[in-house]
2 protein chains.
Amino acid sequence: MRIQLDQDILQDHDEQAARNGAELAARGIMAVNLMSAPGSGKTTLLEATIPLLQQQVRVGVIEGDVATTLDAARVATLGVPAVQINTAHFGSTCHLDARMVAAGLQQLPLDDIDLLFIENVGNLICPAAFRLGEHLRALILSITEGEDKPAKYPRMFHEAHSVLINKIDLAPHLDIDPERLVQRVKEVNPTAAIMQVSARTGVGVAEWAQWLLERRRLLVSG
Amino acid sequence: MRIQLDQDILQDHDEQAARNGAELAARGIMAVNLMSAPGSGKTTLLEATIPLLQQQVRVGVIEGDVATTLDAARVATLGVPAVQINTAHFGSTCHLDARMVAAGLQQLPLDDIDLLFIENVGNLICPAAFRLGEHLRALILSITEGEDKPAKYPRMFHEAHSVLINKIDLAPHLDIDPERLVQRVKEVNPTAAIMQVSARTGVGVAEWAQWLLERRRLLVSG
């Protein structure tokens, strides 16, 4: 009985996610679900990426956290519309879900957005199980987290369209080999676009922005 | 109805946790629940700490991960009994629970253990809600994760008896101030023992080992 209930709930989520995705696509908005462990640098990467994107598209952001509005405040300083969802108001769940995102969409000026980032709650497990209506899933992995993470969190890596290895500037100070980490990612997900970036120094950020713009062109023209 | 069901389940967990903790204490075993985000260095810290502890006590380890037995294999090379729990066999939950730990205890030679580490699944949210039977909760935070984490994951920080700021050797390469991070931890948890450590260089590890030994003396003599 409990399993049945949970399956119904997951089905409700999937249906809401499909509605979110269809509404966004109909408006020409590509939604990107940004997922990572806590502290991998999702928000800092957004701060580095958004100014590059703004030369060509209009950006919006939904920020997800258990608590605080710190991240929405950070990205709002870039002049983009941003709303914060705190899961503390939804049972402190460790992930966003499609209903929360639908509520967030109602607070955004969708006519003024071409590319929407949805920054998920920092967690390498449960966000993989909940579709939000996104058209792309990007996984951020800080190189400091180690070479074993793709094997340990396989579902998250498996379902990502792109994997960004962030904080690559710290590689000289670690006992971690970036190339070996890339291989570990490929073993779990052979088709993801893998990029080595540093949100802090800017390395690789232009390539990531170009990849997003190209994917949006394909979505809108398709 | 669903809420009632979940409350019953949580109560079952709490009762099992109390049984685990009582059995361990009766045997003179102190159990430490190690919690952190993925890649904060829990296992590397264990590898640095266990040799220091082994001079005075016998150590055992329960390793928790969604998938792989990598970590149990790593700590077993130190000559300590270690069992791996994969939550992939329990619905891929993002945390250990008391029933999993009870199953793990049955596979360990408890007569030969004085101090048991329970390395939780990498996650800064849900592990805070599930008691395992531990006598201490230690939270590991990699300094690379940023100064905002105590405010963003308050329950985890609030319930820790000690907070270890790990990878402190990377501080010169980051835009993060260790002292300000300590302040952020204190704002959420004024009573936790806060230690700055580097599992890689060994800085602070002896202090952490001494703290554990002292806490065990208090538990066993109490």
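Predicted model: local features only at pLDDT ≥ 70, side-chain atom pairs only at ≥ 80, totals over all residues.
**Entry 1: chain A by itself**

I began with the fold of chain A. I recorded eight helices and seven strands as its secondary structure. I then looked up the radius of gyration of chain A, which is 17 Å. The globule rule gives 17 Å for 222 residues, so I noted chain A as being as compact as a globular protein of that length. For the overall dimensions, I wrote down a box of roughly 50 × 45 × 35 Å along the principal axes, filled by the C-alpha atoms of chain A.

**Entry 2: how the two chains are related**

I next looked up the superposition of the chains. A rotation of 180°, with 0.0 Å of shift along its axis, places chain A on chain B at an RMSD of 0.0 Å. I recorded this as the relation of a two-fold axis. I also asked which surface each copy uses. I found that 100% of the interface residues of chain A are also interface residues in chain B, so the copies meet through the same surface.

**Entry 3: extent of the interface**

I looked up the contacts and found 37 residues of chain A in contact with 37 residues of chain B. I noted that the size of an interface is often given as the accessible area lost when the parts come together.

**Entry 4: polar and charged pairs**

I turned to the pairs that cross the interface. The rule finds eleven residue pairs in polar contact between chain A and chain B, with both residues at pLDDT 80 or more. I then looked up which elements of chain A face chain B. Helices α1 (2–26), α3 (70–76) and α5 (149–152) of chain A each supply at least two residues to that side. I noted that α1(A) gives the most, with four residues. By class, the residues on this side of chain A divide into 18 nonpolar, seven polar and twelve charged.

I listed the salt bridges separately. The count over all chains comes to 40, and the rule finds six across the interface of chain A and chain B.

**Entry 5: one salt bridge in detail**

I picked out the pair K152(B) and D65(A), whose closest N and O atoms are 3.6 Å apart in a salt bridge. I traced this pair from helix α5 (residues 149–152) of chain B, which holds K152(B), to strand β2 (residues 59–65) of chain A, which holds D65(A).

Definitions and conventions
Residues numbered from 1 in each chain as written. Chains lettered and ligands numbered in written order. Heavy atoms only, no water. Contact = heavy atoms within 4.5 Å. Salt bridge = Lys/Arg side-chain N within 4 Å of Asp/Glu carboxyl O. Polar contact = N/O pair within 3.5 Å; in protein donor to acceptor, adjacent residues only side chain to side chain. Nonpolar A, V, L, I, M, F, W, Y, C, P; charged D, E, K, R; others polar. Least-squares fit on C-alpha atoms with pLDDT ≥ 70 in both. Rg over C-alpha atoms; globule rule 2.2 N^0.38 Å.
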